[in-house]
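Biologist: Before we discuss this protein, could you put the sequence and the coordinates side by side, and then take my questions in turn?

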Amino acid sequence: MAIIEQKGMYGEFPRCGKAHARTTHYCPGCGHGIINKLIAEACAEMGLQDSTIFVDPVGCGVFTYYYWDAAHVSAAHGRASAAATGVCRARPDAVTIAYQGDGDLGAIGFNNAFQAASRGEHFGCIFVNNSLYGMTGGQMAPTTLEGEKTTTTPFGRDPSLTGHPLHVCEVFNQLQAPTYIARVSVADTKRIYACKRAIRRVLEIQQKHQGYALLEILAPCPTNFRMDAMKAAKFCMEEMEREFPLGTFRDLENGVAGVAPTAHPESDVLAVKPVPQFPTCNDLFAVPDGIDAPSPENDPAVPERRFKFAGYGGQGILSLGICVAEAARLEKRHSLWFPSYGPEQRGGSANCSVVVSGTPIGSPAVDHPDVLVCMNQPSYERFAADVKPGGTIIVDESVPTDVPPPAGVTLRKVPAIRLAEEFGVPKAANTMMLAALRKYKVTGLDDASLETALVASFKKKPQLVEKNRELLRKAEAAFDA
Ligand code: SF4
């Protein structure tokens, strides 16, 4: 069966590193995939591909230049509207479109975007609101709903601590200059059609040189909502739309002048919000007056040990780092865990640093680790040369190690990925690596603490605890054989 090429997109996406790739890096059910398709399609249908310059953000939408067959400029985090200002002034003949997420526009880049809108710069801004930071693991964003659980608001966003959700369209609608402001959604078919019309309107305004246009698009992020695609879309329609009503706030060229859309029946967007009362840290952690929170015990005899864990996103590399940091905490050591992501949550590179010490730790950065755990070749190539003399590199056997490690560094190759597959649990390669860390005694931590930390890491999936314990023992036995 012939594959029909998507209008406005490249036929294949080789820039993403795989020849003949035709899939995007977005997670299944992600709103970005739909929005990318709609924008590319509208651009092609309106004959604008050769005259459009996209300004790409930092965030899950960072790789639009892999997909849209048009001109692109990449901006620093939060600076897409600033970069678009430069582009539209340098090329007033072009159609300039900034593509931004709610972390990029609503947080770090808010003032850039707001001032550009206030000046009425001649570009269109497509603002994707999925109510959290998607790329970096689902932290709270300015748009996070009250009560919404994110990795930084695990008990739900509490307005008395972190304020109320930011309504970008409503705030921008106070300005005089913008020509067009609207909010749409891609949560179901009807909404997707409305979204396509709104995208065409943004492009049309740019084509006709009619000024600044802002289009906010509510989009599901199933990965960080921790929902399947259907439930994520429902959350978008029921919860997000209650807070962020859909509608056209203004369309000056079409005679819609600065009106608010009809609010969702249960929306309290316009209600007067109570003045937040800020609790103390002791209130937050339910610490009785006069009693300090538990803290690590200082022991200068325990030397500082630095670890780097690296591999592909999805290999459990960050969880492995958490396990080691948590085991150290159980032994009342000071410990820090510090993640670093590639641009994708799935399939990109990921690494984390862990520092364990008997005394307070000055910095979580690990430039020269004592122990490096590598699950893929790019990690070995990037970090092996930095390992301290006397240190250890534990690397999966599938990783080529043609370049030897630095002098004085021990290299241990272990069949982590192969064993996990042979044991029938391919996702447990990180547990195999934990077994290697225990076997080679490189953490300075007790085997029991490492196992307890492993068990704790499955507290949301208790059904996996016994299996991973068993895998830990089987791997250690296999390493001994
Ligand atoms: S993390 Fe969320 S926003 Fe990012 S690609 Fe996955 S589903 Fe989309």
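Biologist: In which strand is the place of Asp56?

Modeller: The model is a predicted one, and what follows should be read with that in mind. Asp56 has a relative accessibility of 0%, which is under the 20% limit and therefore counts as buried. Its C-alpha atom lies 9.5 Å from that of His77, a residue 21 positions away in sequence. The strand that holds Asp56, spanning residues 52-56, is β1.

Biologist: Which residues come nearest to the ligand?

Modeller: The shell around the ligand holds twelve residues, and by class these divide into six nonpolar, six polar and no charged. Helix α9, covering residues 222-225, contributes the largest share of that shell, with three residues. Those that come nearest to the ligand are Cys27, Cys30, Cys60, Asn130 and Cys221.

Biologist: Why is the pair of Phe63 and Tyr66 stacked?

Modeller: A search of the whole structure finds 14 aromatic pairs. In the case of Phe63 and Tyr66, the ring centres are 4.2 Å apart, and because planes under 30 degrees apart count as stacked, the class follows from the angle between the two ring planes, which is 10 degrees.

Biologist: Which residues form one aromatic cluster with Phe63 and Tyr66?

Modeller: Both Phe63 and Tyr66 are buried. The cluster to which Phe63 and Tyr66 belong also takes in Phe13, Tyr26, Tyr65 and Tyr67.

Biologist: What is the centre to centre distance in the aromatic pair of Phe307 and Phe309?

Modeller: Phe307 is buried because its relative accessibility is 0%, and Phe309 is likewise buried, with a relative accessible area of 0%. The planes of the two rings are at 10 degrees, and the pair is stacked. Between the ring centres of Phe307 and Phe309 the distance is 6.1 Å.

Biologist: Which strand pairs with β10 in the parallel sense?

Modeller: Strand β10, residues 305-312, is mostly covered, with six of its eight residues buried. Eight bridges join β10 to β12 (residues 349-357) in the antiparallel sense, and there Arg305 has Val356 as its bridge partner. A further four bridges are parallel, their partner strand running over residues 371-374, and in that strand Val371 stands opposite Phe307. The parallel partner of β10 is β13.

Biologist: Is Leu252 buried, partly exposed or exposed?

Modeller: Leu252 is found in the loop between β9 (247-251) and α11 (281-284). Its C-alpha atom is separated by 8.4 Å from that of Pro178, although the two residues are 74 apart along the chain. The relative accessible area of Leu252 is 37%, which lies between the 20% and 50% limits, so the residue is partly exposed.

Technical notes
Residues numbered from 1 in each chain as written. Predicted model: local features only at pLDDT ≥ 70, side-chain atom pairs only at ≥ 80, totals over all residues. Heavy atoms only, no water. Near = heavy atom within 4 Å. Helix = DSSP H or I, 4+ residues; strand = E, 2+ residues; numbered from the N terminus. Nonpolar A, V, L, I, M, F, W, Y, C, P; charged D, E, K, R; others polar. Phe/Tyr/Trp six-rings, centres within 6.5 Å; stacked < 30°, edge-to-face > 60°. Buried < 20%, exposed > 50% of the residue type's maximum accessible area, 1.4 Å probe, protein only. Pairing = 2+ DSSP bridges.
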